[in-house]
Amino acid sequence: MTPHMERSNVDGIRPTVAAGALQDAPLRSQAVVASRITEADLLRSVLSLARVYGWLAYHTWNARHSAAGFPDLVLVRGGRLIFAELKSEHGRVTAQQLVWGAALTRAEVTGGVAYLVWRPSDLLSGGVEAALR
């Protein structure tokens, strides 16, 4: 089990940050923790938070036959739709991801659609949880 995750008897694994355990840590400590969170760890944490807040989530497990650059997650709840690209703390957004992000951002005409790039620091700061509330 990685240091930023803890076992829960509800829903399997939940991010420690959801319980507030890391939110009060000094920023430097959060930066160290964030740099150690992999994209796969971030995906599990975001999916767990999405379940907690009642979002329907889609993630393509094998993107080899998908359009290059399409966001990692599609989240839907009520009148809201989030396209989320997940990156490690220092991961780079590709040119194809930028194209998708720009196209989806332009489509935000109704106010219920969002394109977001989330990194471990967004999880640790509570930004992911705030967007899913």
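**The ring and its setting**

With a relative accessibility of 11%, Phe83 counts as buried; the term means under 20% relative accessible area, while exposed means over 50% and partly exposed is anything in between (1.4 Å probe, protein chains only). Before we go further, note that this is a predicted model: local features need pLDDT of at least 70, side-chain atom pairs count only at pLDDT 80 or more, and totals for chains, interfaces and linings use all residues. Residues are numbered from 1 along each chain as its sequence is written, and side-chain values use heavy atoms, leaving out hydrogens and water.

Let's begin with the rings. Searching the whole structure turns up two aromatic pairs. Distant parts of the chain are linked by it, since Phe70 sits in the loop between strand 3 (56-59) and strand 4, and Phe83 in strand 5, 13 residues apart. Phe70 has a relative accessibility of 30%, so it counts as partly exposed. Phe70 also pairs with Trp100: the ring centres are 4.8 Å apart and the planes meet at 85 degrees, so this pair is edge-to-face. Trp100 belongs to helix 3 (residues 95-106), so the pair ties that helix to the loop between strand 3 and strand 4, across 30 residues of sequence. Trp100, with a relative accessible area of 27%, is partly exposed. Together, ring pairs join Phe70, Phe83 and Trp100 into a cluster. For the cut-offs: rings of Phe, Tyr and Trp (its six-membered ring) pair if their centres lie within 6.5 Å, and planes under 30 degrees apart count as stacked, over 60 as edge-to-face and the rest as tilted. Helices (H or I, at least four residues) and strands (E, at least two) are DSSP runs, numbered from the N terminus.

Ala67 lies in the loop between strand 3 and strand 4, and its 46% relative accessibility makes it partly exposed. From Ala67 to Gln96 the C-alpha to C-alpha distance is 9.0 Å, although they are 29 residues apart in sequence.

Strands in the order 3-4-5-6 form an open sheet with mixed pairing. Strand 3 and strand 6 (113-118) are at the edges with a single partner strand each, so one side of each has no neighbour in the sheet. On average, neighbouring strands here are turned by 20 degrees against each other, direction ignored. Two strands pair if DSSP finds at least two bridges between them; strand 3 and strand 4 run antiparallel and are joined by four bridges. In this pairing, His59 stands opposite Leu73 in strand 4. Helix 3 lies across strand 5 and strand 6, at about 150 degrees to strand 6. Such axes are lines fitted to C-alpha atoms, for helices over the stretch in contact, and angles run from 0 to 180 degrees between N-to-C directions.

What about the nonpolar packing? The largest nonpolar core has 20 residues, and those with the most contacts inside it are Leu73, Leu75, Leu86, Trp118 and Leu132. Elements giving two or more residues to this core include helix 2 (39-52), strand 4 (73-77) and strand 5 (80-86). With six residues, helix 2 gives the most. Phe83 belongs elsewhere: a second, separate core of five residues includes Phe83, Leu104, Val113 and Tyr115. A core here is a set of buried Ala, Val, Leu, Ile, Met, Phe, Trp, Tyr and Cys residues joined through side-chain atoms within 4.5 Å. In soluble globular proteins, nonpolar side chains tend to be buried together.

Leu43, Val46 and Leu47 are among the buried residues of helix 2.

How values were computed
Contact means heavy atoms within 4.5 Å.
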